[in-house]
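Hi everyone, and thanks for making time for this. I'd like to walk you through a structure that may be new to you, so please have a look at it before I start.

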Amino acid sequence: MTETTPRPRWSARPAAAAPLSMPPAEREALPGLVAGASPTVVFEHVSRWYGDIVAVSDVSFGVAAGVTGLLGPNGAGKSTILKLMAGLISPSTGTIAIHGQKTRGNPAVYKRLGLVPEQEIVYPFLTGREFVRLNAVLQEVVDPAAATARAIGLVEMEEAAERAVGGYSKGMRQRIKVAAALVHDPDVLLLDEPLNGTDPVQRAGLIALLRRLGAEGRTVIVSSHVLTEVERFADNILVIVNGKLAAAGDILAIRDKMDEHPREVMIRADDPRRFAAALIGDRSTSAVRVDGDGRLLAQTHDIRAFSRAVPLLARREGVRLLEVQAVDESLASVFAYLVGR
Amino acid sequence: MTLATPLVWRALPVFALTVRQFLAGRMARVTLALALLPTLFALIYLVRPGDVTPRGFLTTTFQQLFLPTLLPIAVLLLATSAFGNELEDRTLPYLTLKPRARPRIVLEKWLAVLVVALPLLLGGLALTTLVASRGPVDTASRVAPETALGPLLGAMAGATVAGTVLLASVFLLVSLVVPRALLAGMVYVFAWETLLGRFLPGVKSVSIRHAAESVFVALLGDPDVTVEGASTLRGALLAVAIVSLVALALAAWRLRTMDLE
C-alpha cells in the first residue's frame with residue numbers, strides 16, 4: 001500500500017497515502033478478502049454518525065478485484081458505505097483508502113473511480129450522449145467523443161443516445177448512468193442499486209456487463225437488497241445490517257447460512273384459502289396464515305424450493321397469483337440472524 | 001450550448017451545463033420578467049408623465065426600485081439555483097467526483113450566472129431608457145433626450161455590472177452554506193437591502209446596494225444625483241472586488257469540505 005500517484009493539480013496538499021493503521025499482512029486478512037488477495041478498497045474501523053444516529057458502526061473490510069455485492073436490507077447503511085468509499089462524505093472515525101490513498105478530496109483517486117449513484121435524477125435537458133460526454137470532459141479524457149461512443153455502446157444505448165434524458169425510462173437512466181461512470185475506463189466502479197427499475201432484458205444486459213468488468217480485473221462493488229439478484233453477478237459479498245458488517249466472504253457459504261433462517265413471503269391470490277391449503281401441503285412451506293386483507297403470509301426454510309413450488313401449485317390448483325413478494329422485515333431478520341451468529 | 005459548440009463544452013463544461021440548466025428551467029424567464037418590469041413602468045410613465053422628466057423617472061426607478069429590489073432578486077434566483085438545483089437533485093457528485101479544481105467549478109458557475117443575468121438586465125435597462133426618453137423634454141436642456149440619457153444609461157449599466165458581480169458571488173456562497181438559500185436570500189434582500197437600508201443609514205452603507213449606488217453616482221458625475229456617504233469609484237470597485245473574491249474563495253472551500261448526501 002505504498003503506491004504513489006502524481007500530486008493533484010488543484011490540491012493545496014499532496015495526495016497523501018491514507019494513514020492506514022493495520023500492517024499489510026493484517027490488511028490482507030481483512031473480512032471480505034480471499035486469502036492472499038491484495039485489497040483495492042480498504043475500510044479500517046470506519047464509523048459514521050449523524051447526531052445520535054449511527055449509520056455505520058466500526059466497519060472493517062477489504063475488497064479485491066472482481067465483483068463484490070454489498071447486501072443488506074433497506075436502511076442498513078449500504079448507500080452510506082458507498083458514499084464514504086467514494087469520498088462524498090467523510091467518516092466520523094476510521095480510515096478509507098482506495099489503492100492505498102485516501103479517497104475524499106483526492107483527484108488522483110477520482111480519475112480511477114466511477115460511481116453510479118442511487119438517485120434517479122440526471123440532467124433532464126441533456127441528451128444521453130451529452131451527459132456521458134460531459135463526464136468524459138470532466139474526467140479529462142483525451143478523446144471524449146470516442147470514449148462517449150464506447151461507453152454508450154457498452155450499455156447498448158446507441159439508439160436512445162440522442163434523446164433527452166428527461167424522457168428516458170428508469171431502466172434507461174440507470175444504463176446511461178453506468179455509461180457515464182465507465183466513460184473514463186475506471187478500475188474501481190461503485191454502483192448503488194443499479195438494477196432498480198430495469199426490465200428483465202436490461203437487467204440481464206447489466207449483469208453480464210458487471211461480470212465482464214469484474215473478469216477484466218476491475219474492482220466492482222454493487223449494492224443491492226435482493227440476495228437472488230446479487231447471486232447472479234457477485235462472487236463475494238459484504239452483508240451490512242444496522243450499519244454493521246454482518247458477514248463477508250464467499251457468497252455460497254453466506255447464502256447457506258441465510259437459508260437456515262425462516263423467510264416470510266406475502267402472496268395475493270384470487271382464491272387465497274384454496275392456495276393456502278395447497279401451500280401447507282408442500283414440504284417447502286413451514287407455516288401459512290391468511291391476514292384480514294386476504295393476503296397469504298407463508299413461512300419457509302427453503303426459499304429456493306418455495307420459489308419453484310409457488311407457480312407450480314398455482315397452476316395445479318387453478319389459482320391466479322396477483323402478487324408474490326418477500327417481506328422485507330423477514331429479510332432484515334435473516335440479516336439480523338447472521339449478526340447473531 | 002450543444003455539441004455543436006464543442007469548444008465551450010470542452011473548455012468550460014460546468015459553465016456550459018449551468019447555462020443550459022438556466023435556459024431549460026424557469027429562472028432565466030423570471031429574470032427576464034424582472035428585467036422588463038422597469039420598461040412596464042416606463043410605459044405607464046409615458047401615459048401620465050406629469051412634470052417628471054425622463055432623467056428624473058429613470059434615476060428614481062433605478063435607485064429606488066431596480067438597485068434595491070429587482071437586481072438582487074434576479075441575481076439571487078440565478079445564483080442560488082446554480083448550485084441549489086444540483087444539491088436538490090443530488091447531481092453535484094457528477095461534478096465533484098472528478099479531477100477538477102473546486103475553485104474552477106465555482107468560477108464556471110459564477111460566470112454562467114453573469115452571462116445569463118447581465119444581458120437580460122442590461123437589455124431591460126436599455127429598453128426602459130429608450131421608452132422613457134419619449135417622455136416630456138427637459139426644456140432647460142439643450143440636447144436631445146436620447147443623447148442626454150446616454151451617460152445615465154452608462155452609469156446605470158456600470159452599477160448593474162458591479163452589483164451583479166457582487167451579488168452573484170455572495171449568493172453562490174450562500175447557496176452552499178444555507179439549506180434554504182433562496183428564502184434566506186429573499187429575507188436578506190427585503191430586510192437588509194430594501195427595508196432597513198432605507199431607514200437606517202448605517203445599514204445602508206454596508207449593503208450591496210450602497211456599493212452599486214456609489215458606482216452609479218461616481219460614473220454619472222451629476223451633482224444633483226447623490227448618495228449619502230457614497231464611496232469613491234475606486235473605493236466602491238475595490239470593495240466589490242474584495243468581497244467577491246472572498247465570497248468565491250469561501251464557496252470553493254465549502255465545496256471542497258461539504259458532505260454530499
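Let me begin with a question: is helix H4 of chain A largely enclosed by the rest of the structure, or largely open? One thing to keep in mind as we go is that this is a predicted model.

Here is how to settle it. A residue counts as buried if 20 or more other C-beta atoms lie within 10 Å of its own C-beta. By that test, 11 of the 11 residues of H4(A) are buried, so the helix is largely enclosed by the rest of the structure. The buried residues include Arg129(A), Glu130(A) and Arg133(A), along with Phe131(A), Val132(A) and Leu134(A).

And what does the covering? From chain A, the cover includes helix H5 (144–154) and helix H6 (170–182). From chain B, it includes helix H1 (6–11), helix H2 (13–24) and helix H5 (93–96). Just after H4(A) comes Glu140(A), which takes a positive phi of about 60°.

That brings us to the contact between the two chains. It takes 26 residues from chain A and 24 residues from chain B. On the chain A side, the elements giving two or more residues are helix H3 (107–110), strand S6 (113–116) and our helix H4 (128–138). H4(A) gives the most, with five residues.

An unreviewed UniProt entry lists "transmembrane region" for residues 27–45, 65–84, 110–132, 152–174, 181–200 and 236–255 of chain B. In the model, residues 27–45 of chain B are 100% helix, and their end C-alpha atoms lie 28 Å apart. Residues 236–255 of chain B are also 100% helix, with 28 Å between the end C-alpha atoms.

Now let's step back and look at chain A as a whole. Chain A has 12 helices and 14 strands, and buried residues make up 46% of its 341 residues. Among contacts in chain A with a separation of 6 or more, 68% are between residues 24 or more positions apart. The chain is divided into domain 1 (24–112 + 187–257) and domain 2 (260–340), and the C-alpha centres of these two domains lie 31 Å apart.

Let's look at some strands, starting with S1(A). Strand S1 (residues 41–50) of chain A runs antiparallel to strand S2 (residues 53–63) of chain A, and seven bridges join them. Within that pair, Arg48(A) has Val56(A) as its bridge partner. The two strands form a hairpin with two residues between them, and Gly51(A) in the turn has a positive phi of about 60°. S1(A) also pairs in the antiparallel sense with strand S4 (residues 93–98) of chain A, over five bridges. There, Phe43(A) stands opposite Ile96(A).

Another hairpin is made by S9(A) and S10(A), again with two residues between the strands; Asn242(A) takes a positive phi near 50°. Six bridges join these antiparallel strands, and Val241(A) stands opposite Lys244(A).

Within strand S9 of chain A we find Leu238(A). Is Leu238(A) buried or exposed? Leu238(A) is buried, because 27 other C-beta atoms lie within 10 Å. Beyond its neighbours within four places in sequence, its contacts include Gly32(A), Phe61(A), Leu70(A) and Ala248(A).

My last stop is an open sheet of four strands in chain A, in the order S12-S13-S11-S14, with antiparallel pairing. Which strands stand at the edges? They are strand S12 (285–290) and strand S14 (321–326), each with a single partner strand, so one side of each is left without a neighbour in the sheet. Neighbouring strands here are turned by 20° against each other on average, direction ignored. Strands S11 and S13 of chain A pair over five bridges, and Ile267(A) has Leu296(A) as its bridge partner. Helix H10 (residues 272–280) of chain A packs on this sheet, touching S11, S12 and S13, and its direction makes about 165° with that of S12(A).

That's my tour, and I'm happy to go back to any part of it.

Technical notes: Residues are numbered from 1 along each chain as its sequence is written. Chains are lettered from A and ligands numbered from 1 in the order in which they are written. This is a predicted model: local features need pLDDT of at least 70, side-chain atom pairs count only at pLDDT 80 or more; totals for chains, interfaces and linings use all residues. Two residues are in contact if their C-beta atoms, placed from the backbone, lie within 7 Å. A residue is buried if 20 or more other C-beta atoms lie within 10 Å of its own, exposed if 12 or fewer, and partly exposed in between; C-beta atoms are placed from the backbone. Domain bounds come from an automatic or database domain assignment. UniProt positions are given in the numbering used here, feature names are shortened, and annotations may be inferred rather than shown by experiment. Two strands pair if DSSP finds at least two bridges between them. Axes are lines fitted to C-alpha atoms, for helices over the stretch in contact, and angles run from 0 to 180 degrees between N-to-C directions.
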